[in-house]
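Hi everyone, thanks for coming.

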Amino acid sequence: MGQKQQPSSADPLSEPKKKRRVVFSNIDAGVEPSDCIKIYLVSKKEEVGTSDGFCISPVDLSSFFEEDGKIYGYQELKITIWVSSISFHAYADITFQGTSDVSGNLQTELLVKIFGETLLENKDDFLQTFSTENNFISSVVSNGEKLPTQASNGHTSNFDGNSEPASSDLEVVRMVVGNSAAGHLYSHLVPLVLLLVDGSNPIDVTDPSWELYLLTQKKTDQPETTQHLLLGFAAVYRFYRYPDGSRLRLSQILVLPPYQHKGNGSYLVEMLSNVAISENVYDLTVEEPLDYFQHVRTSFDVKRLLAFDPVQSAVKSAVMCLKQGKLSKKTHVPQFLPPPEVVEDVRKTLKINKKQFLRCWEILIYLGLDPLEKHMEDYVTIISNRVKTDILGKDSETAGKQVIDVPSPHDEEMSFVMFRSQNDKVGGVQMDEDQTKTQGEQLQQLVDERIKEVKLIAQKVSQKHV
């Protein structure tokens with residue numbers, strides 16, 4: 001690996017004028033990986049060596065390099081990487097004008113950190129994979145379980161919220177990761193997971209509790225043979241739940257960049273939901289969802305909840321209560337939470353856990369407001385109250401509490417009494433005027449962001465609030 005070059009005491013004039021290695025200035029500022037690396041996803045060998053493939057944008061290349069995220073030891077460095085969408089092997093073309101004496105081998109020391117064994121050093125070997133590995137995905141999915149299509153309305157919504165018919169040549173295949181074919185495929189997908197899924201780590205391919213859900217499309221250019229193109233995948237962990245149940249947790253989901261914004265992500269989410277319902281698992285959760293995926297997930301769940309009668313009855317009741325008066329004028333604002341029995345019914349029937357249902361609940365109330373403008377102030381008050389409780393609830397519960405040591409014949413150090421003072425300021429954390437103002441501004445920003453998200457999802461699921 002290239003390191004920062006240290007100042008040298010040697011006289012540069014004493015160096016021979018002609019040499020095979022070009023040495024540049026002792027001051028090496030390094031280069032940002034994003035400035036010198038381009039990565040293309042290619043589907044045929046003719047795209048290799050050109051910019052005809054799909055150029056992907058990694059979330060953060062700097063995390064793979066030096067401590068400060070730069071590459072040192074190279075002058076005018078350019079790295080072009082082609083990743084095959086057929087076999088997911090990779091090949092890198094590296095060019096530079098000069099190197100320092102401490103520069104490392106980019107191929108073996110730097111890029112292998114990302115691409116591992118999928119990185120091929122020889123270009124001809126890489127080009128050959130487009131023919132020798134042409135059936136790679138088809139051979140893998142042949143070892144899996146093809147899931148039945150059970151779309152509730154025959155349509156799927158893409159990331160932009162537009163409804164498109166679900167393609168008849170799409171298939172979702174489930175594979176247990178303990179299966180050697182599934183583990184082999186996932187090892188080829190790890191580089192894309194690291195590059196495209198923020199904060200991700202590879203799953204344990206030896207743990208049979210992991211399941212891969214592969215979204216594939218049949219290729220029609222060769223009718224004599226059935227070939228599959230991988231559009232995306234999801235990694236799901238199956239937890240045991242006492243006494244004889246299970247829970248599903250979605251850990252990773254990735255739609256390959258060329259196939260995004262076409263409904264494939266929502267289709268995969270819908271199929272996972274169908275699995276959770278048909279197998280009667282306890283619930284389906286998501287591990288630390290990114291904002292963009294959370295938006296897609298919530299839009300999908302809100303549509304399902306709009307067609308679920310027990311929820312709609314509870315929403316109507318909450319909306320009627322909201323319309324009764326000016327909540328912003330009241331000293332105590334009700335939380336407008338759904339009844340516990342409805343929360344449980346949603347979990348049992350739709351496999352939506354409580355945390356996710358409460359996110360959808362706020363949107364359902366918004367959709368029920370009519371006329372919207374008349375009740376918007378009260379609705380914002382509800383959201384503001386919930387955000388404040390989420391952020392400050394734990395601290396506010398301890399405000400005014402005091403602990404006083406009391407004598408005891410048993411143990412002086414372990415004897416105390418806790419009580420809440422009538423004056424909430426006593427024992428609480430005091431903030432000056434500037435701190436209070438800053439906190440208020442930050443809370444208001446969170447409220448504004450949540451209202452914006454609610455409106456955006458409402459626009460996608462109902463034409464009423466467009």
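Let's start with strand β13, which gives three residues to the lining of the second largest cavity, the largest share of that lining. Before we go on, a word on the model: it is predicted, so local features need pLDDT of at least 70 and side-chain atom pairs count only at pLDDT 80 or more, while totals for chains, interfaces and linings use all residues. Residues are numbered from 1 along each chain as its sequence is written, and side-chain values use heavy atoms, with hydrogens and water left out.

A cavity is a set of points, on a 1 Å grid over the protein atoms alone, where a 1.4 Å probe fits but cannot get out, and lining residues have an atom within 4 Å of a point. Helices (H or I, at least four residues) and strands (E, at least two) are DSSP runs, numbered from the N terminus.

Back to our second largest cavity: it holds about 40 Å³ of space. Which residues line the second largest cavity? They are Ser85, Ile86, Glu133, Asn134, Phe136, Ile137, Lys219, Gln227, His228 and Leu229.

Look at Leu229, which lies in β13. Is Leu229 buried or exposed? It counts as buried because its relative accessible area is 15%, and buried means under 20% (1.4 Å probe, protein chains only). Leu229 and Ser85 are 144 residues apart in sequence, yet 7.9 Å apart in space, C-alpha to C-alpha. Leaving aside neighbours within four places in sequence, Leu229 is in contact (heavy atoms within 4.5 Å) with residues including Ser85, Lys219 and Tyr259.

The side chain of Asn264 reaches the backbone oxygen of Tyr259 at 2.7 Å. Not counting residues up to four places away in sequence, Asn264 also touches Leu170, Leu215, Leu231 and Val255, among others.

Now for the largest cavity, with about 150 Å³ of space. Of the 18 residues that line it, the closest to its centre are Val269, Leu284, Arg297, Asp301 and Arg304. Which helix gives the most to the lining of the largest cavity? That is α8, with five residues.

Note on methods. 1 Å grid on protein atoms, 1.4 Å probe; cavity = no way out; pocket = protein on both sides within 12 Å on 5 of 7 lines; lining within 4 Å. Points joined across faces, edges and corners; volume = space filled by probe spheres on them. Buried < 20%, exposed > 50% of the residue type's maximum accessible area, 1.4 Å probe, protein only. Polar contact = N/O pair within 3.5 Å; in protein donor to acceptor, adjacent residues only side chain to side chain.
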